[in-house]
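Here are some notes on the structure, arranged as numbered points, for reading beside the sequence and the coordinates.

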Amino acid sequence: MNKLLLFSLLLFCFQTHAQVLDEYVEYGLESNLAIKQKEADYRKSLLVLKEAKGLFYPTITLDARYSLSTGGRIIEFPIGDLLNPVYANLNNLYQLHGFPTDPPIVLDNEEFPFYRPKEQETKIRLIQPLFNPQIYFNQKIQNKLSESAQISLDLYKKNLVAEIKIAYYNFQKASQYKLLLEDIKLLLNENLRVNESLYKNDKVTIDHIYRSQAEISKLDQEFSEADKGIQMTKAYFNFLLNKPLDSEITNESASQNTEVLPMDHLQKSALSTREELTQLNKYSQILNYKLKMDQYNATPNIIAVVDYGFQGEKYAFNNESDFAMASLVLSWDIFKGFQNASKTQQTKIDQEILSLREKELKAQIELQLMNAYYDVESINNKRTAATQELIAATQSFKIINKKHKEGLVSLLEYLDSQNTTNRARKQLLLLQYDLLISLVELEKVAGTTIITD
């Protein structure tokens, strides 16, 4: 079969766990602690975006001030120096024309303190940005950062789904391996019983019994490792689901026949759907907005300011004490020591780095996919060979076991056949679960389904 087009994985009537596993995956997505942290990051990014949009709206503040002051500058008003000579000249003119005159008016110069001893000012201020490119591009950047946080959350969920499936298969592999050991132990016990019977009938020597007992003791050592494997895989699976580490795990079996899509199809899919590439695209858009924002740093900003309030020595809210003032404020950085040019160059360098990172990531994805794809193919071929090996070894052992019960074969020949059969059973079991795990890895790398309909 053409490897580049399609290779089939006709999975033996192998027990899978679709329904129960799907329920575990759903539970994990709802309860995993890392997922909750990622969701919190995303919600925070939405609030930052909302804050950035709020900069477009006017700011309204209420300011109130009541002051008591003493001392300070004195404003002199020379009213006496200005008017006293005028009054004196008028008296002189009246006297020359014979008019009666009063004593001349003499005015004193006046002085006023710059600060009022008591003063209050209560006002409402409205500030509305009219032209500020920084606000516009900042909102665009925050929007893309929020989208990037959503992508990061989706990426983590996809990886968590794969991790839960792999942990589940590892637990099942360890559990099934122990069941296989128990089945093998039954055969070893039966062999011990047969040897004891043969020994009693003087058909074999005592070493047959010792060798059978040694095989059972050797198998007991494997039980210890199997128990450890079960406990550790169970604990890790429950850790992913945020459950007590010793929680029981449900198993449900089903049958499945599977065909994997061609590698070139999966490569195209991975390069178009992988979240890492989508996230880099968002970062590229962010840098484009940042570059424009840096370039607009040389333009002026204009805001409108409107004040309405009340002033006076006492609190009085009437037409005599109120005031209103509207202003247009322009702020323009004429020269900032070439900082804007430096920022623009830094952003352009970041764009170059991001472009190189995108090329590198695409190559890595293609390599990951190729590795995962051929892993599946290799394990599947091994599984097929192991199945044939087990069939042949089982048939051979049936014949030799029959002869052994009649005392027609040597102990060495019997043990060799028995070990070959047991090794083939173990190997096939491990390959079956390794195949499922490799399929999960391939699906994760491809970023989409890998199974043909």
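1. What covers the buried residues of helix 7? The model is a predicted one, and in it the cover over the buried residues of helix 7 includes helix 4 (133-200), helix 6 (263-273) and helix 8 (339-405). The buried residues themselves are E275, L277, Q279, L280, K282, I286, L287, L291, M293 and D294.

2. Helix 7 runs over residues 275-295 and has 21 residues, and from its first C-alpha to its last it reaches 30 Å, close to the 30 Å expected at 1.5 Å a residue. K292 and S197 are 95 residues apart in sequence, and their C-alpha atoms lie 92 Å apart in space.

3. Just after helix 5 comes N242, which takes a positive phi of about 55 degrees.

4. Turning to the nonpolar cores, the largest has 54 residues, and those with the most contacts inside it are Y24, I164, Y168, Y169, F237, L266 and L442. The elements that give two or more residues to this core are helix 1 (18-31), helix 4, helix 5 (206-240), helix 6, helix 8 and helix 9 (411-446). Of these, helix 4 gives the most, with 15 residues. Another core lies apart from the largest one; it has seven residues, among them L287, L354, L361 and I365. L287 is also one of the buried residues of helix 7. As general background, nonpolar side chains tend to be buried together in soluble globular proteins.

5. An open sheet of four strands has the order 2-5-7-8, and its pairing is antiparallel. Its edge strands are strand 2 and strand 8 (322-331), each of which pairs on one side only, and from one strand to the next the twist averages 20 degrees.

6. Within this sheet, strand 2 (residues 59-68) and strand 5 (residues 118-131) pair in the antiparallel sense over ten bridges, and T59 stands opposite I127 in strand 5. Strand 5 also pairs with strand 7 (residues 301-312), again in the antiparallel sense, over eleven bridges. In this second pairing Q120 stands opposite G312 in strand 7, while F131 stands opposite I302 in strand 7.

7. Aromatic side chains can be followed through their ring pairs, and the count of aromatic pairs comes to 16. One of these, formed by Y66 and Y315, is stacked, with 5.9 Å centre to centre and 20 degrees between the planes. Because Y66 lies in strand 2 and Y315 in the loop between strand 7 and strand 8, the pair ties together parts that are 249 residues apart in sequence. Y66 counts as partly exposed at 42% relative accessibility, and Y315 is partly exposed as well, with a relative accessible area of 46%. By contrast, the aromatic pair of Y168 and Y169 is edge-to-face, with 6.4 Å centre to centre and 65 degrees between the planes, and both Y168 and Y169 are buried. These two tyrosines are also listed among the residues with the most contacts inside the largest nonpolar core.

8. Which residues do ring pairs link into a cluster? The cluster consists of Y66, Y308, F310, Y315 and F317, and its members Y66 and Y315 are the two that form the stacked pair described above.

9. A last point concerns E320, which lies in the loop between strand 7 and strand 8. E320 is exposed, with a relative accessible area of 78%, and this residue and F237 are 83 residues apart in sequence and 77 Å apart in space, C-alpha to C-alpha. F237, for its part, is one of the residues with the most contacts inside the largest nonpolar core.

How values were computed
Residues numbered from 1 in each chain as written. Predicted model: local features only at pLDDT ≥ 70, side-chain atom pairs only at ≥ 80, totals over all residues. Heavy atoms only, no water. Expected span 1.5 Å × (residues − 1). Buried < 20%, exposed > 50% of the residue type's maximum accessible area, 1.4 Å probe, protein only. Contact = heavy atoms within 4.5 Å. Pairing = 2+ DSSP bridges. Core = buried A, V, L, I, M, F, W, Y, C linked by side-chain atoms within 4.5 Å. Axes fitted to C-alpha atoms, helices over the stretch in contact; angles between N-to-C directions. Phe/Tyr/Trp six-rings, centres within 6.5 Å; stacked < 30°, edge-to-face > 60°.
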